[in-house]
Amino acid sequence: MFGLGKKDFTLFLIVAVLALFAPFILNPFPTDSGLAQFNAGYPDLMQRFVIFGILAIGFNILFGLTGYLSFGHAAFLGVGSYAAVWMFKLLSMNVIPAILLSMIVAGLFAVVIGYVSLRRSGIYFSILTLAFAQMSYNLAYSVLTPITNGETGLQITLDDPRVLGVSATADGGIPVTNLFGMEMRSFETLVLGPWEFQFSVGYYLAAIIMLISFYVAIRIFRSPFGMMLRAIKSNQNRLYYTGLNARPYTLAAFVISGMYAGLAGGLLACMDPLAGAERMQWTASGEVVLMTILGGAGTLIGPVLGAGFIKYFENIFSKINDQVVHGWVSFLPDGLEDLVVALIHPFVGKGWHLTLGLLFMLIVIFLPGGLVEGGQRIARRLRRKPAKDDAKSASTTPAE
Amino acid sequence: MSKTTLTRRGVLRTGAVAGAGVALPTIFTASSARAFTNAPTGGSVTLGFNVPQTGPYADEGADELRAYELAVEHLNGGGDGGMLNTFSSKALDGTGIMGKKVEYVTGDTQTKSDAARASAKSMIEKDGAIMITGGSSSGVAIAVQGLCQEAGVIFMAGLTHSNDTTGKDKKANGFRHFFNAYMSGAALAPVLAKMYGDDRKAYHLTADYTWGWTQEESIKAATEALGWETVNAVKTPLAQTDFSSYIAPVLNSGADVLVLNHYGGNMVNSLTNAVQFGLREKQVNGKNFEIVVPLYSRLMARGAGENVKGIFGSTNWHWSLQDAGSKAFVQSFGTKYGFPPSQAAHTCYVQTLLYADAVQRAGSFDPCAVGEALAGFEFDGLGNGPTLYRAEDHQCFKDVLVVKGKENPTSEFDLLEVVEVTPRAQVEYAPDHPMFAGGSLGACNPGA
C-alpha cells in the first residue's frame, strides 16, 4: 500500500499509531501518583520527540545509507530555526511559509557545505563538517549578531514589521504561531478518572510532518537511489571502477539530509519561536550522532527511538531532585533513607548526563545494533524462532 | 512493488487509523474554561526553580537553589522564618501562600536559552508551575522571560544584570529585583574618579553577549562623563578560557585602566591573566595601572584568589551588611548550609518572598493580579534598604554597593569589603533612557 512493501507498511503503521496515540502511551501513570514524575506526555516533550525524530531520520539517510558521518548536522538545524523565526518576524505567523523557507535555506546551505566537504571521505569529511558547523556557530554567536541576536537568541518582539498580519494583538500581546488560525500552543485536556491526557495542536502538526518524513525516508531506503547510496557505503572504489561517479549521489543524500534537519529546526521554531546559536554547537551535532547510534544506525525506526530516548533523559531525569528521591524511599528508616538518597543522587538531577553516558556505553557494548537490536532479540525470545527470519525485517545493513 | 491484497484485517486496521486521524481535529475546537494558566486547585501550589546546574555558572546555580529551598521552608513556616520577620509587608504568615503549601520543581538551564526554555516549558506544562524563577545569565533570563510571557505565568528573574532584561526586552509578566549594568556604572564611576582621578585612559575587555554589551556601554558612558577617555573596547567570546592574547595588546595601547566586563569563570581567568602579565605593577602615563571589575560576586572573588585584592567593583548585596534583614538571612542560611549566602542566593530568596507576598496581597494567583500587586510596590527589610518595584519597567530601585577586594581577608568568605553604599537617587534613571529604550512591557498575559 502507498507503494510500500508489506513489512514496511506494517512498520509505517506501527509508527503512525504510536505517533497519533502518543498522548496516551506516554502518560501511563495517574496524575496524582508518585510515578507521574516519569510521565512524558506533555506537549513540549512530545513535540521534541517527533521533531528530533525527524532530525535523526534525516541524519540516518546520510549516515545509515552512505556511511558518511557528518559531525555538523546541527548547523542545518540552527539555520532552519533562524529562517523560520525571520519568516515569523517579517511575513506572517502562519507556520507554512516558515517551514518551507527553513527547508529551502537549509538545503542551499547543505549544497555549499556538501560541495566542499564531500571532496573527502571518512574522518576528513567528519572534521570538515564539524569545522563548518563550528564556523556557523561562531558566526551566529558574534559576527552575525544583527541577524541572529547573538547569545540571547532571535525572538519575536512587539515591533516586528509583519507584512501579512499584525505586529501586536489587540490586547497588546505578541501574536502566536498558528496554522490558519489554529494556535500551535493550544491544547485540550482529556480527563479520564485519575488520568489526564493533553492533546496539543503543535504536537499533531509535528507528528503528521514526522510521518510524512518517515514515509519519504522509507521510499528513499527502498529506491534504486537508496541502493546506490548503499553501494557507496559498501565500497566506493568499486563503484568508481565500474564507471559510476558517486559524488552526485552523496551530495544529493547530503542535501536531503540537510533539508530534513532544516525542517526539524523550522518546526522547533514553530512550536517555540526562538532561535539560539547554541542549537548549532558541536555538542548538538554530537547529540544527533548519539541518537542515531543509540537507536540503531541504518535502520528505519532506530533513529526515532534514539531521539526519544535522549530527549526523555534530558527532560525527565534532569528534573528528579533530592526532594523527589526522598519521597520515593520515605518508607525506609531515616539513616538508610539518607544513604539510599546519597547513592542515587549522582545519577539523577544534574547527573543525568552520567546516567545517559552509562546507558550509552552498555548499549554500544552489548547491543551494537542499538535499541532496534534489543527489540529484535526480545521478539526472537518471545517467538522462539530462528534468528535469521527476523533480522531481515527491520535491519537494513547492506550485505557485503 | 504495489501488490494490493485486501484482507479483512487490513481494511479494518486502515479504517480505524483513518477514522482516528479524521476525528482528531475535532477535539481542538472546544477551548478550556480556565481563567489563567495553572490555577492551583488542591492544597498546594507549585513554583518552578530553573537554574544552571551544569555549565559555566553552575556555582551560582547551586547557591540559588539553596536559597530557593530556604525560601520555601520559610514560606511553609519551617526554620526561623528568615527575612519574613524583617520584611516590611506582613501579609505572609508562614502557612504557605494563601493557605496553600508551597511545593517546587527544579530544572537545569545548562546556561543555554534552548535548554532553559525546554525546562521551563516542562515545568509549566507538566508540573503545573504557577511561577518560574531563576537564571544566571542574562541571555537565558531574557529567553525564559519571553516564554513566560507567552505561556501566561509570572517570571521572577534571578541573577541577570543586563540592561535589556528590563530595557528593550522587558515583558509585562517579568520582574527583576537584581540591579543592572547602568546602576553599576552610575555607582562605580564617582568612586573610580575619586580613587584614580578624572584623567584616565580606559581599555575594555567585554564578554560578547547581551550583558557584556550593555555593561560596556553603561560603564563607558559613566566614566566618559567624568572625563575618562576610552582607548579601545574589545569583545571576547563567552566560552574563552585563556585571555593572554587579549591582554597583551593592552600593554602597548597607552591605556592606564583595564575594565573587565566579564562575569563568573571569564572574569576569574581574565583577571588572573592580567595579573600574570604584571599589569598591576606597571606605570603608564606616570600613574599606577589599575584594573576594574564592574560586576563583582563573592564566588568570583574566591575563584580569583589573591588577584582581587584592592580591585574595585559593584555588587547587589553582600553578606557582611549589618541591617536586620541581611543579618536574619545570613543567620538562617548559615545555620542550614554552614556558609554565608552569595548575592545570587540573596536575590533569588528575595524574589520568592516578593512573589508570595504579592499573591497574598492580591488575594489571587492570577498573573495579572500578581503583576498589579508587584508594580509600584515599595518595601523594606529585605537587605537593600527601602526599595521600589517600578511600575514602568518592573525593575527594582535600591542602593548599590561599591566593593573592593579585601587586602587582609580573615576567612575564605570574607573577601570583599564595602567601600560605599551608593544611594538609590544616584542610580535612578528615566524609563525611556536611551540605554533602555526600544521595548515595551505589552499587556500582562494570564494564559489559557
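1. Axes are lines fitted to C-alpha atoms, for helices over the stretch in contact, and angles between N-to-C directions run from 0 to 180 degrees. Helices (H or I, at least four residues) and strands (E, at least two) are DSSP runs, numbered from the N terminus.

2. The model is predicted: local features need pLDDT of at least 70 and side-chain atom pairs count only at pLDDT 80 or more, whereas totals for chains, interfaces and linings use all residues. Residues are numbered from 1 along each chain as its sequence is written, with chains lettered from A and ligands numbered from 1 in the order in which they are written.

3. Chain A contains 18 helices and six strands. Its C-alpha atoms fill a box of roughly 75 × 65 × 40 Å along the principal axes. A compact globule of 400 residues would have a radius of gyration near 21 Å, and the 22 Å of chain A agrees with this; the radius is taken over C-alpha atoms, and the globule rule is 2.2 Å times the number of residues to the power 0.38.

4. Within chain A, the axes of helix α13 (residues 302-315) and helix α16 (residues 352-366) come within 9 Å and cross at roughly 155°. The two helices, α13(A) and α16(A), are therefore roughly antiparallel to each other (the term applies to angles over 145 degrees). The contact is made by A:I310, A:F313 and A:E314 of α13(A) together with A:W352, A:T355 and A:L356 of α16(A); two residues are in contact if their C-beta atoms, placed from the backbone, lie within 7 Å.

5. How many residues does each chain bring to the contact between chain A and chain B? Chain B gives 42 residues and chain A gives 41 residues. On the side of chain B that touches chain A, the largest share, seven residues, comes from α3(B).

6. A:F180, with phi of about 50°, is placed in the loop between β2 (178-179) and β3 (182-183) of chain A. B:H394, with phi near 60°, is placed in the loop between β14 (387-389) and β15 (396-397) of chain B.

7. Is each of these residues buried or exposed? A:F180 counts as exposed, with 7 C-beta neighbours inside 10 Å, whereas B:H394 is buried, with 25 other C-beta atoms within 10 Å. A residue is buried if 20 or more other C-beta atoms lie within 10 Å of its own, exposed if 12 or fewer, and partly exposed in between.

Note on methods:
Angles under 35 degrees count as roughly parallel, over 145 as roughly antiparallel, 65 to 115 as roughly perpendicular and the rest as oblique.
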